[in-house]
Amino acid sequence: MDQKYWVPALERADLILKAISRQTGVLKMTDLCEETGINKSSMFSLLRTMETLGWVVKDAGERYVLGAGISYYNTVYNDSLKQNMNLVERFLAESAQSVGAVGETFQLSVLDRDEIIYLAKQEGQSLVRLESSPGMRFPAHATAMGKMMLALLPEGELQRRYSGKSLSAVTSHTLTDWAEFTAALADIRRTGYAVDREEIIQGISCVAAPVLDAAGKAVAAVSTSMLQHAFTAKQEAAIREVTLLAGKLSLS
């Protein structure tokens, strides 16, 4: 990470939380100073702030444990994992029909800052096997699923994620001009689906549609990918099936 964006206070808070989690109910302030290398003055201020936020709690013996504030984040994180697992199960159940209709591979992903993370894949009949295993990350701006989810972000949020308006070229087809890219996102919002024509992998094209929650927010995207010559013949069916699948998985 670029050091000019590094926040030392957050790094120190992270060191403290990790030390307490390893020896919960054992360490006092002086112990935490020894464990982390943080001086007493900074440690005092950090602990007082973290106590106020509910991140840590001091017991009668002045030893620290993690507080309810951290528990809340853990609960939210676990809920998010459960939702993703539920979505993966539904995707695997529903996408088999889509794969049968198009004969190509279907994928599911979520957006993480300026990248997509693959959650699941249902292989098609094609002899070409795509490198899109669960857990893999790709630049969002160069993928159909990424562009689909970026297109549905509030304008301010898109600007925040790409504050420098810099888009790296993954292939010679990747959109790197900011004005051209935002115009493409406007088109995606209008049509309700996104297309990647050899932008992430040379020779491979992809079409994606959004998975929406009950409030209409894009929480994931589904896509189907295939060789470019196959996409030319199957584009209409691919758009239809990926849109139908996204609708089945959406809650809105």
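Start with cysteine 33. It is buried, at a relative accessible area of 11%. Buried here means under 20% relative accessible area, exposed means over 50%, and partly exposed is in between, with a 1.4 Å probe and protein chains only. Cysteine 206 is buried too, at 6% relative accessibility. The structure holds 0 disulfides, where a disulfide is a pair of cysteine sulfur atoms within 2.5 Å.

A word on the source. This is a predicted model: local features need pLDDT of at least 70, side-chain atom pairs count only at pLDDT 80 or more, and totals for chains, interfaces and linings use all residues. Residues are numbered from 1 along each chain as its sequence is written, and side-chain values use heavy atoms, with hydrogens and water left out.

Now the helix around cysteine 33. In α2, residues 29-36, the buried residues are Leu32, Cys33 and Thr36. They cover an arc of only 105 degrees around the axis, which puts them on the same side of α2. The arc is that of the directions from the helix axis to the C-beta atoms. Helices are DSSP runs of H or I with at least four residues, strands are runs of E with at least two, and both are numbered from the N terminus. What do the buried residues of α2 pack against? They pack against α1 (8-22), α3 (40-52) and β2 (64-66). Contact means heavy atoms within 4.5 Å. After α2 comes glycine 37, with a positive phi near 80 degrees.

On to α3. Its 13 residues should span 18 Å at 1.5 Å a residue, and its end C-alpha atoms are 18 Å apart, which agrees. The expected span is 1.5 Å times one less than the number of residues. Met43, Leu46, Leu47 and Met50 are buried in α3. They cover an arc of only 100 degrees around the axis, so they sit on the same side of α3. In general, an α-helix has 3.6 residues a turn, so residues three or four places apart point the same way. Ser41 and Thr52 are exposed on the other side of α3. The buried residues of α3 pack against α1, α2, β1 (56-58) and β2.

Both ends of α3 are worth a look. At its start, a side-chain oxygen of asparagine 39 reaches to within 3.2 Å of the backbone nitrogen of serine 41. For polar contacts the cut-off is a pair of N or O atoms within 3.5 Å; within protein, one must be able to donate a hydrogen and the other to accept it, and residues adjacent in sequence count only if both atoms are side-chain atoms. Just after α3, glycine 54 has a positive phi of about 80 degrees.

Next, α7, residues 178-191. This helix has 14 residues and reaches 20 Å from its first C-alpha to its last, close to the 20 Å expected. Which residues of α7 are buried? Trp178, Phe181, Ala184, Leu185 and Ile188. Seen down the axis, they fall within an arc of 120 degrees, so they line one face of α7. The face turned away from that buried side carries exposed Ala179 and Arg190. Packing partners of the buried residues are α5 (144-151), α6 (155-161) and β6 (194-197). Aspartate 177 caps the N-terminal end of α7, with a side-chain oxygen 3.2 Å from the backbone nitrogen of alanine 179. Glycine 192 follows α7, and its phi is positive, near 90 degrees.

Tyrosine 162 links into this region. It is found in the loop between α6 and α7, and it counts as buried at 5% relative accessibility. Leaving aside neighbours within four places in sequence, tyrosine 162 is in contact with Asp114, Ala140, His141, Leu150, Leu167 and Trp178. Tyrosine 162 and tryptophan 178 are 16 residues apart in sequence and 9.6 Å apart in space, C-alpha to C-alpha.

Then the strands. β6 pairs with β7, residues 204-212, in the antiparallel sense over 4 bridges. Pairing requires at least two DSSP bridges between the strands. Valine 195 stands opposite valine 207 in β7. β6 and β7 form a hairpin with 6 residues between them. Glutamate 198, in the turn, has a positive phi of about 60 degrees. Glutamate 198 is buried, at 15% relative accessibility.

Compare arginine 113, in the loop between β3 (105-112) and β4 (115-122). Its phi is near 55 degrees, a positive value in a residue other than glycine. Arginine 113 is exposed, at 55%.

Last, glutamate 241 in α8, residues 228-249. Is it buried or exposed? Buried, with a relative accessible area of 11%. Not counting residues up to four places away in sequence, glutamate 241 touches Ser98, Ala101, Val102 and Phe106.
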